[in-house]
Amino acid sequence: MKILFHPDRADIHLSNVLSALSDPVRLLIVSNVNNAGERSCGDIGVPVAKSTFSHHTRTLREAGILYVRVQGTQRILSLRKDDLENRFPGLLSSILNAFETSEEKKQLLNPEQ
């Protein structure tokens, strides 16, 4: 089984976090995990192919935003809130609050409109 890389708290860098959160699909993934708590990849509905979803979760994991654990054939996602709050107080909650009311989120969830 492949060992998944997760940066230590001290190795989470602001530029990596902001870069990872600059994509609307990744913001939607983080928002879903934030709102629902720990989730398996299959439980998160995003408008992209599985391979693209895997790329996005890897980017979020390597930036230090998500923790991914393997449970059998599933990958379980959780948000590294404590680590992010320790490194950058208020950053994640500010970004997620802005995203929740954004047009980007509405467009991702309702692409026909």
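Student: Does serine 40 count as buried or exposed, and how should I read such a label?

Tutor: The label rests on relative accessible area, with buried meaning under 20%, exposed over 50% and partly exposed in between (1.4 Å probe, protein chains only). Serine 40 has 8% relative accessibility, and therefore counts as buried. This is a predicted model, in which local features need pLDDT of at least 70 and side-chain atom pairs count only at pLDDT 80 or more, while totals for chains, interfaces and linings use all residues. Residues are numbered from 1 along each chain as its sequence is written, and side-chain values use heavy atoms, with hydrogens and water left out.

Student: Where is serine 40 placed, and which residues does serine 40 touch?

Tutor: Serine 40 belongs to strand β1, residues 39–40 (strands are DSSP runs of E with at least two residues, helices runs of H or I with at least four, numbered from the N terminus). Leaving aside residues up to four places away in sequence, serine 40 touches Gln74, Arg75 and Ile76, where contact means heavy atoms within 4.5 Å.

Student: How do α2 and α3 pack, and at what angle?

Tutor: Two packed helices are described by the angle between their axes and the distance between the axes. Here helix α2 (residues 24–36) meets α3 at an angle of about 75 degrees, and their axes lie 10 Å apart (axes are lines fitted to C-alpha atoms, for helices over the stretch in contact, with angles from 0 to 180 degrees between N-to-C directions). The two helices, α2 and α3, are therefore roughly perpendicular to each other (65 to 115 degrees; under 35 is roughly parallel, over 145 roughly antiparallel, and the rest oblique).

Student: Which residues make the contact between α2 and α3?

Tutor: From α2 come Val25, Arg26, Ile29 and Val30, and these meet Phe53, His55, His56, Thr59 and Leu60 of α3.
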